Amino acid sequence: MEKIRVLIAKLGLDGHDRGAKIIARFLRDAGFEVIYTGLHRTPQEVARAVIDEDVDVLGISILSGAHIPLVPRVLDFITQYGGDPNEIVVVVGGTIPTEDIPKLKACGVDAVFIPGTPISEIIKFIKQKVAEKRRDNL
Ligand code: B12
């Protein structure tokens, strides 16, 4: 099977990059191809990277509390730039209050992983969901 390509994006102005770097490393060790955007990315920059890098998975790490305004904007920009956010797996991780999880899912996020989530659970979810999307996109 073709390697799974993942973009790990640090969206927003905060400097909480430990989670993003840990996830990037574990996914790499699990055999994924991982691109990390680095800190302080705008929704436009993340959307552009999704298109340019042709990834299977967009993983957004956000601990600033700004997920509700920022995450939907990324998905909107992907559409504006000619992509289709439904064709990729979109996961969000970080300090997301549980009441916000349905709101993110309603705008197209496939899963939200809060602090303390075992990495094995994240890897399993991504592998299953990418397999599903690849089947759907055939
Ligand atoms: C460490 C820490 C810092 C460090 C950051 C160091 C670094 N380089 O990352 C320092 C000391 C710099 C810091 C500063 C600040 N912090 Co701080 N910080 C934390 C703390 C205690 C832990 C975060 C952490 O590293 N956890 C360990 C990593 C491994 O876990 P994680 O990132 O959560 O990742 C896991 C999951 O969330 C998920 N995940 C995360 N990202 C992704 C991405 C993908 C794709 C996937 C699939 C999964 C995933 O998987 C990981 C494994 O389970 C949190 C509190 C908390 N309980 O989370 C506050 C916290 C994030 N900080 C907070 C704040 C307010 C600040 C400051 C503004 C404080 C201040 N007044 O100065 C500053 C901001 C500075 C800045 N420039 O951004 C708040 C944010 C509030 C909010 N969300 O509304 C928090 C929640 C504390 C709180 N309860 O108030 N902080």
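Let's start with helix 1, residues 18-29: its twelve residues reach 17 Å from the first C-alpha to the last, close to the 16 Å expected at 1.5 Å a residue (that is, 1.5 Å times one less than the number of residues). Helices here are DSSP runs of H or I with at least four residues, strands are runs of E with at least two, and both are numbered from the N terminus. Keep in mind that this is a predicted model, where local features need pLDDT of at least 70, side-chain atom pairs count only at pLDDT 80 or more, and totals for chains, interfaces and linings use all residues. Residues are numbered from 1 along each chain as its sequence is written.

Now, which residues of helix 1 are buried? They are Ala20, Ile23, Ala24 and Leu27. Buried means 20 or more other C-beta atoms within 10 Å of a residue's own, exposed means 12 or fewer, and partly exposed is in between, with C-beta atoms placed from the backbone. Looking down the axis of helix 1, the buried residues fall within an arc of 100° (taken from the directions from the axis to the C-beta atoms), so they line one face of the helix. Over on the other side, Arg18 and Asp29 are exposed. Just past the end of helix 1, Gly31 has a positive phi of about 100°.

Of the 25 residues around the ligand, the nearest are Gly19, Gly59, Ser61, Gly65 and Gly93 (near means a C-beta atom, placed from the backbone, within 6 Å). Helix 1, strand 3 and strand 4 are the elements giving two or more residues to this shell.
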